Amino acid sequence: FALMLGLSTEKLTRDAELIITGDVEDTESNWTPDKKSIMTTAVVSIAEVIKGKPVEKKIRVLYPGGEVGDIGMRISDEAPLRKGEQVLLFLKPEKQFSNGFSYSISGRAQGKYSIGDDLVARKHGFSVSGSDEFVDNTIQVEALIEKIRTYVDEK
């Protein structure tokens, strides 16, 4: 697990250009053009837009790590997206590999919530350095969305 400074929902909301809930339809991992690392592209079908204005109903989310053939690469502060997973994501345009045509997860692993069948949003895959009292690790998804909207409306 990665050790990170905790990010509050307020900070994640303010830093993200797009916040959505959706379903991960597919993932594909490929070598970067320089063949030094692996990047994964996930296709996410948007269910609800909480902040921002996506151009399409399906978006691409890029993140480092994944498997190509027999070789796998894991990044300790990334939370991979899995096909079939329901998620809430804090996103920003990804410019390095897609010239802004895809998104990356804002706040790394802290910008991804997995939504369970019990409608609870959960973060995992990292540890917080110091106090995590202001980090919403496990929260009812509707309460989280309501909280995010209060920060969006404050602008």
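1. In the hairpin of β3 and β4, G52 takes a positive phi near 95°. The hairpin has 6 residues between its strands. Strands here, like helices, are DSSP runs numbered from the N terminus (strands E, at least two residues; helices H or I, at least four).

2. This is a predicted model, in which local features need pLDDT of at least 70 and side-chain atom pairs count only at pLDDT 80 or more, while totals for chains, interfaces and linings use all residues. Residues are numbered from 1 along each chain as its sequence is written, and side-chain values use heavy atoms, with hydrogens and water left out.

3. Strands β3 (residues 38-51) and β4 (residues 58-64) run antiparallel and are joined by 7 bridges; two strands pair if DSSP finds at least two bridges between them. T40 has Y63 of β4 as its bridge partner.

4. Which residue in the loop between β8 and β9 deserves attention? R108 lies in that loop, between β8 (102-105) and β9 (112-115), and has a positive phi of about 55° although it is not a glycine. A second case is L119, with a positive phi of about 60°, again not a glycine. L119 is found in the loop between β9 and β10 (120-122). L119 counts as partly exposed, at 48% relative accessibility (buried means under 20% relative accessible area, exposed over 50%, partly exposed in between; 1.4 Å probe, protein chains only).

5. The structure holds 9 salt bridges, each defined as a side-chain nitrogen of Lys or Arg within 4 Å of a carboxyl oxygen of Asp or Glu. One of them joins the side chains of E25 and K58 (3.0 Å, N to O). Because E25 lies in strand β2 (residues 18-31) and K58 in strand β4, this pair ties together parts that are 33 residues apart in sequence. E25 is partly exposed at 33%, and K58 is partly exposed at 47%.

6. R108 also meets E78 in a salt bridge (2.8 Å, N to O). The pair links distant parts of the chain, 30 residues apart, with E78 in the loop between β6 (71-73) and β7 (86-94). R108 is partly exposed at 33% relative accessibility, whereas E78 is buried at 9%.

7. Are the partners K112 and E85 buried or exposed? Their side chains meet in a salt bridge (2.9 Å, N to O), which links strand β9 to the loop between β6 and β7, 27 residues apart. K112 is buried at 2% relative accessibility, and E85 is buried at 14%. Salt bridges that share partners also join D77, E78 and R108 into one network.
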